[in-house]
Amino acid sequence: MAATLTAGAPARPRKLLASRRTRVGILYALPVVVYLLVLFVYPIFSTLLLSLKDADGSFTLHWYADALTGVNLSVLFTTLRISAETAVLSLVFGFVLAQAITRLKPILAGLAMLVVVVPHFVSALVRTYGWIIMLGDKGLVNETLTAMSVPGAPFQLLYNELGVVIGTTSMMLPYTVLLLYGVMRGVDRRLLAAASSMGAGKVTIFRRIYLPLVAPGLASAGLLSFILSLGYYITPALMGGPNQTMIATLINQQVTKENQWNGAAAQGVILLVLTLAGLLLVKVVTSLGASRKKRSA
């Protein structure tokens with residue numbers, strides 16, 4: 001009996017300790033849970049319920065039907081198109097820039113990354129007005145092209161889709177460079193050297209070895225740029241024209257000018273669904289990339 005009591009004695013403190021740790025963990029997590037419930041979950045469910053209510057409070061899908069027809073559907077397609085164009089251009093320029101930075105010495109690479117990141121800390125509104133000044137008829141770009149006697153100069157670079165894509169691409173470029181730089185730094189250069197020593201050309205090395213290794217990063221960076229562009233408001237609103245109205249601008253118009261909260265809520269839910277679908281795709285691509293690395297290791 002004494003042996004039994006002696007063996008069972010340490011079990012109680014362990015249970016009490018585990019219980020105490022559990023309570024402390026719950027206590028620490030409680031403020032975060034309350035924060036998420038109040039400022040994240042509740043607004044989303046409120047928006048969802050608002051999008052499903054008619055003027056008299058009855059259930060309806062009218063606002064979703066309205067959001068997916070006519071002008072609203074055209075705005076949705078415009079948003080998807082501009083977001084896709086922004087993602088592609090961000091990938092192209094981001095890939096070239098990140099690849100160039102990885103070839104620099106550590107000190108120079110750090111300075112280059114600083115140049116890429118620091119403008120991101122400037123207000124998006126200020127940067128957008130900077131682009132408006134540069135791309136205007138009397139701006140630096142058109143003045144330079146006119147001085148070089150380029151046929152057709154000055155060009156219309158603002159208040160059209162070209163201006164919106166230029167602006168949004170500049171806003172998304174830091175995200176793309178940061179993601180791609182991290183992925184490219186993780187590539188084992190010995191693999192490239194081994195392929196070169198076995199007679200593979202630069203194009204073959206890039207296509208068969210380097211590109212597959214950085215492909216998950218490319219997919220993640222492109223999808224991130226696409227997702228962020230979907231809900232971007234400031235740059236498209238200031239640098240675009242009536243034909244470049246994006247869904248965030250439409251939501252703002254419905255709330256501030258038309259006082260149509262139900263329709264704006266439906267547009268917001270559609271935008272949220274698109275964003276969640278993009279995030280899910282990023283997760284799938286990242287998981288596939290991780291599994292590929294494990295198989296290659």
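Is aspartate 188 buried, partly exposed or exposed? I looked this up first: at 30% relative accessibility, aspartate 188 counts as partly exposed. My cut-offs are under 20% relative accessible area for buried, over 50% for exposed and partly exposed in between, with a 1.4 Å probe and protein chains only.

**Ground rules**

I am working with a predicted model, in which local features need pLDDT of at least 70, side-chain atom pairs count only at pLDDT 80 or more, and totals for chains, interfaces and linings use all residues. Residues are numbered from 1 along each chain as its sequence is written, and side-chain values use heavy atoms, with hydrogens and water left out.

**Salt bridges**

I found 2 salt bridges in the structure. The term here asks for a side-chain nitrogen of Lys or Arg within 4 Å of a carboxyl oxygen of Asp or Glu.

Aspartate 188 pairs with arginine 190, and their closest N and O atoms are 3.0 Å apart. Arginine 190 is exposed, at a relative accessible area of 64%.

Glutamate 161 pairs with arginine 81, with 2.8 Å between the closest N and O atoms. I noted that glutamate 161 sits in helix α8 and arginine 81 in helix α4, so this bridge ties together parts that are 80 residues apart in sequence. Helices are DSSP runs (H or I, at least four residues), as are strands (E, at least two), and they are numbered from the N terminus. Glutamate 161 is buried, at 19% relative accessibility, whereas arginine 81 is partly exposed at 36%.

**Aromatic pairs**

Next I checked the rings and found 2 aromatic pairs. Rings of Phe, Tyr and Trp (its six-membered ring) pair if their centres lie within 6.5 Å; planes under 30 degrees apart are stacked, over 60 edge-to-face, and the rest tilted.

I looked at phenylalanine 95 with phenylalanine 206: this pair is edge-to-face, at 6.0 Å centre to centre and 85 degrees between the planes. Phenylalanine 95 belongs to helix α4 (residues 70–102) and phenylalanine 206 to helix α10 (residues 202–230), so the contact ties together parts 111 residues apart in sequence. Phenylalanine 95 is buried at 17% relative accessible area, while phenylalanine 206 is partly exposed at 35%. Phe95, Phe206 and Tyr210 make up one aromatic cluster.

**The core**

Which residues have the most contacts inside the largest nonpolar core? I wrote down Phe95, Ile101, Leu180, Met184, Tyr210 and Val214, in a core of 19 residues. Such a core is a set of buried Ala, Val, Leu, Ile, Met, Phe, Trp, Tyr and Cys residues joined through side-chain atoms within 4.5 Å. Helices α4, α5 (106–117), α8 (161–185), α9 (189–197) and α10 each supply at least two of its residues. The largest share, 5 residues, comes from α10.

**Records and the surface**

I then turned to UniProt, where an unreviewed entry lists residues 24–45, 82–101, 108–132, 162–183, 209–234 and 264–285 under "transmembrane region". The UniProt positions follow the numbering used here, feature names are shortened, and annotations may be inferred rather than shown by experiment. In the model, residues 24–45 are 100% helix and 0% strand, with end C-alpha atoms 30 Å apart. Residues 108–132 come out at 76% helix and 0% strand, with 31 Å between the end C-alpha atoms.

The unreviewed UniProt entry also gives residues 76–282 as "domain: ABC transmembrane type-1". I get 77% helix and 0% strand for that span, and its end C-alpha atoms lie 21 Å apart.

Valine 34 lies in helix α2 (residues 11–51) and is partly exposed at 42% relative accessibility.

Most residues other than glycine have a negative phi, and most peptide bonds are trans.

- A cis peptide bond joins alanine 153 and proline 154, with omega about 0 degrees; proline 154 is in the loop between α7 (140–147) and α8.
- Tyrosine 159 has a positive phi of about 60 degrees and sits in the loop between α7 and α8.
- Asparagine 259 has a positive phi of about 55 degrees, lies in the loop between α12 (247–256) and α13 (261–296), and is exposed at 57%.
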